[in-house]
Amino acid sequence: NAITLAKMAGLARGKIIYGDASGDPAALTVGSSGQALKSDGTDISWGTAGIDSSSFSPTGGSPLIMNGNHVVGQRSAGNELLTQTATTYFPSDRWKLNLSGLGTYNIYRKAVLTAGAMAIGHPNYILVDNTVEDASPDSGDYCYISYSFEGQQWHMFKNATANAEVATLAFWVYADQTGTAQVNMLDIQHNRMVSATYAISSANTWEKKVVTFPVQTNASFGILSDANERIRLEWWLDGGSDYTSGTAPTAWETKADGDRCANNAIDIGGATSREFRLTGIQLEVGSYTASTIPPFTYEDVSTVLTRCQRYYLDSDPTTAGVPAMVKGAWFYPYSSSEGFGPNNFPVVMRVTPTITTYPYTGGAAGNTTNIGSGVSNSTTIPATGVTARGYQHITSSSLFATQVMTGFTADAEI
């Protein structure tokens with residue numbers, strides 16, 4: 001109580017008086033630029049500012065990778081696609097299985113409340129399951145999971161500048177094999193690539209992996225700000241000699257197919273017991289480790305759906321995993337022989353989509369359902385005036401003496 005300004009005159013600028021372990025006042029040394037005052041519950045010190053929020057994203061709100069925890073799946077009501085032998089999209093929106101040769105697979109979007117999946121905070125995941133093996137792949141065979149970015153989604157990395165940022169990728173993986181696996185980042189615009197590897201330490205166990213990709217500072221490799229595919233991520237599961245003969249590059253290089261699966265112990269095509277699961281995928285701006293990477297950003301399911309509908313949308317109200325449905329197209333007769341049906345999309349799609357219509361009551365693509373009777377009509381109705389915002393139907397068929405409705409899919413995927 002007797003301390004005066006004169007007695008405190010020797011306290012350096014920026015120092016803080018605190019109680020030390022002996023209960024005596026002491027002066028805390030000035031911290032460095034950008035440091036924050038932290039407490040361990042007993043003492044205080046200067047340190048790196050921490051992050052303690054599951055909703056924080058340093059990229060500015062929405063996560064860079066959409067549907068990274070696989071909560072939305074518009075493409076399959078049963079969340080499964082069986083006996084796949086060629087490239088197709090997963091039942092989980094935005095995720096693709098790239099496949100040529102290497103056997104036959106069932107692919108799933110799983111929502112299983114197992115202890116292991118719940119413990120990592122991601123009960124939803126995608127699964128690739130071998131059902132017909134090919135232990136001796138042809139040289140050009142391949143199997144990998146991919147996710148693609150538009151050019152205009154890449155600005156935050158300041159690509160091709162002196163201030164370019166490192167990209168850090170984190171994900172949870174579960175596989176029946178152990179060993180080194182490879183994940184690539186491809187610059188589609190400039191035909192370049194760089195790789196990172198990760199170790200699967202324990203079979204049939206969820207493990208979190210964090211890898212970093214170096215920056216491209218060369219001004220020649222700027223990414224166009226457009227809606228085309230410019231960057232792609234690849235998780236390799238198997239490949240023939242065309243993809244395994246090289247070396248996984250740790251620096252950016254001209255894309256060489258022989259390097260894309262060069263350091264990969266996974267050979268999912270080799271036995272019907274093989275499977276691979278993936279979830280909790282996030283991409284962050286900057287260099288992080290497993291202990292410093294921000295928490296996964298959880299978005300509500302409706303927000304994820306809206307973001308995914310820029311690339312694909314389905315009006316089928318029975319589709320699993322879709323909480324808010326797109327309305328199908330209604331057709332109104334304005335004479336005994338003509339009808340008109342406008343349909344606006346709930347979002348502006350990436351590009352003009354491919355439209356496929358179908359009846360709600362079952363039947364061939366293009367057919368419709370009579371609203372009054374619920375009967376499927378066999379007349380095919382073309383979609384006209386298709387744009388990224390919607391489409392319309394105009395028909396001269398006498399079928400439309402009554403109102404009808406049709407479901408549709410709109411595909412504008414990369």
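Guide: A cavity is a set of grid points where a 1.4 Å probe fits but cannot get out, and its lining residues have an atom within 4 Å of a point. Please note that the model is predicted.

Visitor: Which charged residue is in the lining of the second largest cavity?

Guide: The second largest cavity has a volume of about 70 Å³. Its lining includes Pro-63, Ile-65, Phe-296 and Glu-299. By class, the lining has five nonpolar, five polar and one charged residues.

Visitor: What is the volume of the largest cavity?

Guide: There are three cavities of 30 Å³ or more. Of the 13 residues that line the largest one, the closest to its centre are Trp-154, Asn-159, Glu-165, Pro-214 and Val-215. The lining comprises ten nonpolar, two polar and one charged residues. The volume of this cavity is about 80 Å³.

Visitor: Is Ser-195 buried or exposed?

Guide: Ser-195 belongs to strand S11, residues 192–200. Beyond its neighbours within four places in sequence, its contacts include Phe-213, Ala-248 and Asp-259, and its side chain makes a polar contact with the side chain of Gln-182 at 3.2 Å. Buried means under 20% relative accessible area; because the value for Ser-195 is 5%, Ser-195 is buried.

Visitor: How far apart in space are Ala-36 and Gly-47?

Guide: Ala-36 lies in strand S3, residues 36–39, and is partly exposed, with a relative accessible area of 24%. Ala-36 and Gly-47 are eleven residues apart in sequence, yet their C-alpha to C-alpha distance is 5.5 Å.

Technical notes. Residues are numbered from 1 along each chain as its sequence is written. Side-chain values use heavy atoms; hydrogens and water are left out. Helices (H or I, at least four residues) and strands (E, at least two) are DSSP runs, numbered from the N terminus. Buried means under 20% relative accessible area, exposed over 50%, partly exposed in between (1.4 Å probe, protein chains only). A polar contact is a pair of N or O atoms within 3.5 Å; within protein, one must be able to donate a hydrogen and the other to accept it, and residues adjacent in sequence count only if both atoms are side-chain atoms. Contact means heavy atoms within 4.5 Å. On a 1 Å grid over the protein atoms alone, a cavity is a set of points where a 1.4 Å probe fits but cannot get out, and a pocket is an open set with protein on both sides within 12 Å along at least five of seven lines; lining residues have an atom within 4 Å of a point. Grid points are joined across faces, edges and corners, and a volume is the space filled by probe spheres set on the points. Ala, Val, Leu, Ile, Met, Phe, Trp, Tyr, Cys and Pro count as nonpolar, Asp, Glu, Lys and Arg as charged, and the others, Gly among them, as polar.
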